[in-house]
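Here is a short tour of one protein model, written to be read with the structure open beside you.

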Amino acid sequence: MTTIVTTRSATKMMNIAHHDGGRRLLLASALAVALVLLLTPGAARADYGLSHFSATFQDASGAPVTQAGAHADLVTDMVFNTAPDPVSSPRMSPDEQVKDVRVDLPTGFYGNPKAIATCTPAQLVATQAYCAPDAQVGLLRLQLQPDSSDPSSFFTVPVYNMVAADGEPAALAAFVIGPLVKISIAVRSDSDYGLQATLSNLNQGLPVYATRLTLWGTPSDPAHDPDRMSTAGAPNTPSGGEQRPFLTMPARCEPVTTTVTTRSWQNRDRWVTARSTSPTLTGCDRLRFQPEITMRPVVTQADKPSGYDVDVAVPQPESIASLGTPQLRRAVMTLPEGVAISPASAAGLEACSDAQLALGTRNEPTCPDASKVGTVSITTPLLAEPLQGDIVVGSPTPEHLFRIFIVARGSGIVVKLPGIVEPDERTGQLTTVFDDAPQLPFSRLHLHFKGGDRAPLANPQSCGTKSTATQLTAWDGSTATPGDAFAISGCTGGFAPAFEAGTLSAGPGQFTPFAMTLRRDDGDQDLSAIDMALPSGLLGFLAGVPRCDELPASAGFCDPATQIGTTTVESGSGGQPLALAGKVFLAGPYKSAPYSLSIVVRAVAGPYDLGTVVVRVALRIDPVDAHVTAVSDPLPTIVKGVPLRLRTVNVTLDRDRFMRTPTNCTPSTITANLHSVSGALVSPASTFQVANCAALSFAPKLSLALGGRGQTTDGKHPALSASVTQGAGQANLQKMTAELPLALALDPDNAQSDRLCTFEAGAKTIPDCPARSIVGTATAVTPVLDQPLSGPVYFIKNIRVDPKTGRPIRTLPTLAIVLQGGGVQLVLRATTAVVDGKLVTTFGKIPDTPVRSFTLNLNGGKEGILVITGAGVCNATQLADLTMDAQNGRVVADDVTIATSACPLKVISKTVGAKSVTVKIGGLGAGKVTVSGKGIKTTTRTLTSSTVATVVAKRTGRARPTSVRASFIPKGAKRAKAVTASLLSGSGSR
């Protein structure tokens, strides 16, 4: 940087004159003005400016140099416009006096002020214009008179490498009696990072016609001894310093341009610009670009967040025999596979916007501290101390989600370099690209990414040697591909995630939130999928809950009315994984399951929006015990190139009155099948048990009825209807056994008919029976679902082959009831047996599910499975022995009257006594039966369910009653049925 400033005015002096003190005073004054003009390339008015400006590279003999990267002298010549002097015409005078000069040196041209001794302003003033010989870097020649052929018109002074002030990269100066003429060096950090030399508020005291400034490429070269001044001002002085290059030409084989901008005291608002373009530089093939790179994690254990140190070394030879090293233009670094962005780093992370970075300006960046994820150090030959700064997260753009900025500062220089990070969307492997780096030389670029739980990078999850690859391109077009490797250790390779599940309340039959949590440790294999089976009776009440349609469920845009819970996921390695919250919605059929979940998480972390992550879960309902199995789709393992490394998955179903506990207090388990991305499977279980089930009541009601006109006598096949009802808040039914009266039996002919379903077809989870094997229908109404479940009753042969003997095994047939509704299928099975001559039917495995009512209708008629045995069922009340077991262990046993609506109302018998008449009436049921007649007191009896009832009515007189009238009003009916019987004859009459 310093070299650039000096080069701007430098022109090698061919003749050096040593003058007396007065002449030195004049020369010093002239030098101040000349130095200003030398550095000034602009004009303020049309008549102010430079009639000639050139900047050339030369060797010590003055021959042109075009070799890229060479350490040639820089020679600049300026000739200012002149006008007739109104005082001493016909002499010419400079056109206005120079105020400010800026020289923009060619991009890529630089100097190494550290290679040259320095001089302090105090030393330069104290010695009256002369510092130590090894601090001289060139000569300045000034023309102070219009006659260029007169040697006395020219004065020369040495130019020195000065100690730079704070905030200043470098400076050059020459002494003028009175003021010290200083050229300040800056970096064009608002554009190409080339060097800029500035001279401000120059002395108007002397007219300057022309300048030549020569800056030496290698100041200590003995070829410059004739032009080097001693501290006493004597020429022909050796340097005494080490021969090290001071200036280095650009490393691009193309023309390079030097620009001068100046303005005058008379017209401060107008700037004049002049440019000088060199011939095309040559010899780029002789340049050597041999960078090296190292990348090391601070922590070497697998699957841990870690700090990382990255070093890029670009050797900068300081031998005068070596050409300069081309500057780095583009760096592409592909990190080892497995080194990934750590999601945990996003917590509390902020991004620096382009406006805050102030790229393209010399303003100091204002990036928030929370955007800084590391530090940077740049060692450059331009400065005594390295540039120091930060690695900053850049705000996402539509083109690049992940960006980082390198911001380094020092000695008044601010370097801002934007880069992009491109993760492989499939593997997460990171490639970092920095393009169009400043053409400033550096010997070492050190990046340190911070460590700890919030480190931006996480180690690979596998062990072994991990390789970093790079492709580095220099500004001359040459490329290099240095690489590095490091080892990762400490792999466990295990897969043992913790699993917890349960309800908030342990009370039976209560609505309560349900929660499931999985936790995976660092080092374990990543989760891939989850299957979870709930115990029977732990159910979600779907009735009244709207379902999210398929398209929004898959896209993650369900209506809030369909939400049934929340989810929380934690991802990232280390002790502080990133937590993200989401929602759980109830959706409709999915992957052959009647219901499903849409689990939606908005993946917004820090400044990054990775979009909406949706995981679908099929809810399968077991047809035997109605337990629910939740089967997830594959869990996301990587989103937009960021490996999630899921650590915790929590799902909580907390919609009001949605999840309800069982009514059975038997210990059970909530089981899970957890799959890893590597194919491992573990099946943990969480113990589940509700308590105090005995406190639940159990009071179901059962009614039985026979039907079918003409099917109530011996050998006929009546229809049978059974109905169970139960109130809310009770223990659910677990088992039911019905023992039918002797009058009803299983028809052996119809029970072995070919129309029955085979044992094998009926034994399937969902029976595959033909329609001809249907012997009835059933309907169940449950508060769990919006609609009833209903379906056919299949009659199944219970003939199977003994696998040992090959002989058939014959038992009584069974029933299979397939209930369907709302996409749900349940199968109830009943076995039949004969005990003491009575037909016993048992439903042995009823799901722990609340049922408000259950109705079973068995067909009668020719192919009915029940048959009347004996005299019939109308002449006596038929009782069934019923036993019902609750899920909580309570038992209800009772005799249930079988109503017979097909029996006609009739007087079965009558007896006339001295004081009363006794009448036995059949064909009754629930309702009111009344006996009346002449001489008989009208008598009514209320029945709950009897088929046959005896009514005793008192006689009202001495005359014998001749007839009796019996009438019956069924419960709920308005019209009565009646029958009249004679009392004059018949059994029992008298």
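Predicted model: local features only at pLDDT ≥ 70, side-chain atom pairs only at ≥ 80, totals over all residues.

## An enclosed space

Searching the whole structure turns up 5 cavities of 30 Å³ or more. The second largest cavity, with a volume of about 290 Å³, is the one to look at here. Its lining is made up of 22 residues, and those nearest its centre are Leu 720, Ala 738, Thr 841, Phe 843 and Leu 856.

Which strands build this lining? At least two residues each come from β46 (701-707), β47 (719-725), β48 (733-739), β56 (838-843) and β57 (853-858). Strand β47 contributes the most, with 4 residues.

## Aromatic pairs

The whole structure holds 4 aromatic pairs. One of them joins Tyr 308 and Phe 486: the ring centres are 6.0 Å apart and the planes meet at 65 degrees, so this pair is edge-to-face. Because Tyr 308 belongs to strand β17 (residues 308-313) and Phe 486 to strand β29 (residues 483-488), the pair ties together parts that are 178 residues apart in sequence. Are these two residues buried or exposed? Tyr 308 is buried, with a relative accessible area of 0%, and Phe 486 also counts as buried, at 6% relative accessibility.

Another edge-to-face pair is formed by Phe 511 and Phe 541, at 5.0 Å centre to centre with 75 degrees between the planes. This pair links distant parts of the chain, 30 residues apart. Phe 511 sits in the loop between β30 (498-503) and β31 (514-519), while Phe 541 sits in the loop between β33 (539-540) and α5 (550-555).

## Charges over rings

Two further spots deserve a look, each with a charged side chain over an aromatic ring. Lys 99 lies over the face of Trp 265, at 5.0 Å from the ring centre. At Tyr 590, the ring has the charged end of Arg 616 sitting over it, 4.1 Å from the ring's centre.

Methods:
Residues numbered from 1 in each chain as written. Heavy atoms only, no water. 1 Å grid on protein atoms, 1.4 Å probe; cavity = no way out; pocket = protein on both sides within 12 Å on 5 of 7 lines; lining within 4 Å. Points joined across faces, edges and corners; volume = space filled by probe spheres on them. Phe/Tyr/Trp six-rings, centres within 6.5 Å; stacked < 30°, edge-to-face > 60°. Buried < 20%, exposed > 50% of the residue type's maximum accessible area, 1.4 Å probe, protein only. Lys NZ or Arg CZ within 6 Å of the ring centre and 35° of its normal.
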